[in-house]
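Open the model in your viewer and keep the selection tool ready.

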Amino acid sequence: MPAETASAIREHGEASCAAGQTPVSGGQLAGGFPTREEIERLQLRKVRSLLQTILPANPFYARKLAACGPTIAPASLDAYTRLIPITTRHELVRDRLANPPYGTDLTFPLEAYVRCHQTSGTTTMPMRWLDTSESWNHLVDNWVQILGVATVTPRDRFFFAFSFGPFLGFWSALDAVHRLGCFCFAGGSMSSMGRLQAILDNGITAVCCTPTYAQHLGEVARDKKVDMTRSRVRLLIVAGEGGGSIPATRARIERLWPGAAVFDHHGMTEVGPVTYQCPARPGSLHVLESAYLPEVIDPHTEQPVRAGETGELVLTTLDRIGSPLLRYRTGDLVKPRPRSVCVCGCHELALDGGILGRSDDMVVVRGVNVYPSLVEAIVRGYPEVAEYRVQLDCRSAMIELSLEVEPVADSPGLDSLTRRLEQSFQAALNLRAPVMLLPAGSLPRFEMKAQRWVRVTE
Ligand SMILES: [Zn+2]
């Protein structure tokens, strides 16, 4: 890590695996990692301090935790998870409906808040989320750490191929990039060709966008014969969808962007920037445990799942004191690896395959649990597929899954593509999934979160 980045992290970051580390070549990290005990000691200290600050000042949690007693000082992290109930999105929505426009999960008077973001509301109504300067700075700290792992230096030149909106997406990344002293170009409301030109003209080295859009931009460059040998892009920092940790998707994007590597990350408006790609094991994400206390639970029983099992990520935001979340069910499906030191040297929780999908998106088709990352992993194994759409026919009790695929024009072997895809679904999931070929250019492309799953209900 360059001295400038390291000092920025030391100045602003907490002791965590992503901070204070010593890089070796190729983004590998070694040494300087907090031990498991150190991480948990820090988390317990922060949990206690958080509870002390928000009770009774925060009306939402004062009400919610009233039954837990007047003072809460858990003796251990286990005691904390036993004592504190889960927070759900529906509770937060109900609180906002009853107390518009911001709800009551506010620790300070309204005048203390300087930023407002809004969730995209894909599953419930959008929620506004307020931050104080202090809370916001913590989110920027998180991104500074993430950028450190991604080997970003002040010499990097950033392009956000992305229209900034009311949700948190990349706003805190933008501030972190500024803090590190990098050049920065916000490329909202531009055509794909305009963005490619800006990336070439400005000597851009790092592009931030969704994995779907990284792929789309690469395809536009290829189809329009843009000379990408002029591109200096070395990093594609992707978020907003799960594809950045799926090997076939990563390979596909990296083929379209010669010389660039995909770096995956995920975060949420109501939580903050949560994970960073393991530098030694792309395809898995580490949780920034200095800022978030993670748990992985069975979505039905709310009991912890074992390592290697799929469950829902639950997070406590340790630093976002102005609008905290205690044991919040994020709705993200993940597969935790056993809690041991990672090959990158870090002790923070690793999530194999990154974010596997949303628990709301998981469907049971003929007894098989199917979620978006599984389908993505199968389909992206076929370079001749340009885009796809999943149809879920929910009109009868037995949900049927089928696929529409749009080929890359003039690819060889299109005659057998649908048959080969159907065989892959059969082999991977033991599932009969009819595949239909559509004409090139008939499916939508997405700049923001891709919406490839369609439910037919009537
Ligand atoms: Zn790792």
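How many salt bridges does the count come to? The count comes to 28 salt bridges. Remember that this is a predicted model.

**Stop 1: E302 and R329**

Select E302 and R329. The two form a salt bridge, with their closest N and O atoms 2.9 Å apart. This pair links distant parts of the chain, 27 residues apart. E302 sits in the loop between β12 (292–297) and β13 (311–317), while R329 belongs to strand β14 (residues 328–334). Now colour by accessibility. E302 is partly exposed at 31% relative accessibility. R329 has a relative accessible area of 16%, so it counts as buried, the cut-off being under 20%.

**Stop 2: R306 and E309**

Move to R306 and E309. Here the closest N and O atoms of the salt bridge are 3.1 Å apart. Is R306 buried or exposed? R306 is exposed, at 62% relative accessibility. E309 is partly exposed, with a relative accessible area of 31%.

**Stop 3: R337 and D352**

Next, select D352 together with R337. They form a salt bridge whose closest N and O atoms lie 3.1 Å apart. D352 counts as partly exposed at 27% relative accessibility. R337 counts as buried at 13%.

**Stop 4: cis peptide bonds**

Switch to the backbone. Select L55 and P56: the peptide bond between them is cis, with omega near 5°. P56 is in the loop between α2 (36–54) and α3 (59–64).

Go on to P100 and P101. A cis peptide bond joins them too, with omega about 0°. Look for P101 in the loop between α5 (89–98) and β3 (113–118).

**Stop 5: positive phi**

Which residue has a positive phi of about 65° although it is not a glycine? Select T151. T151 lies in the loop between α6 (133–149) and β5 (157–160). Its relative accessibility is 30%, which makes it partly exposed.

Finish at K225. K225 is not a glycine, yet its phi is positive, at about 55°. Its place is the loop between α9 (211–223) and β8 (235–238). K225 counts as exposed, with 71% relative accessibility.

Note on methods: Residues numbered from 1 in each chain as written. Predicted model: local features only at pLDDT ≥ 70, side-chain atom pairs only at ≥ 80, totals over all residues. Heavy atoms only, no water. Salt bridge = Lys/Arg side-chain N within 4 Å of Asp/Glu carboxyl O. Helix = DSSP H or I, 4+ residues; strand = E, 2+ residues; numbered from the N terminus. Buried < 20%, exposed > 50% of the residue type's maximum accessible area, 1.4 Å probe, protein only.
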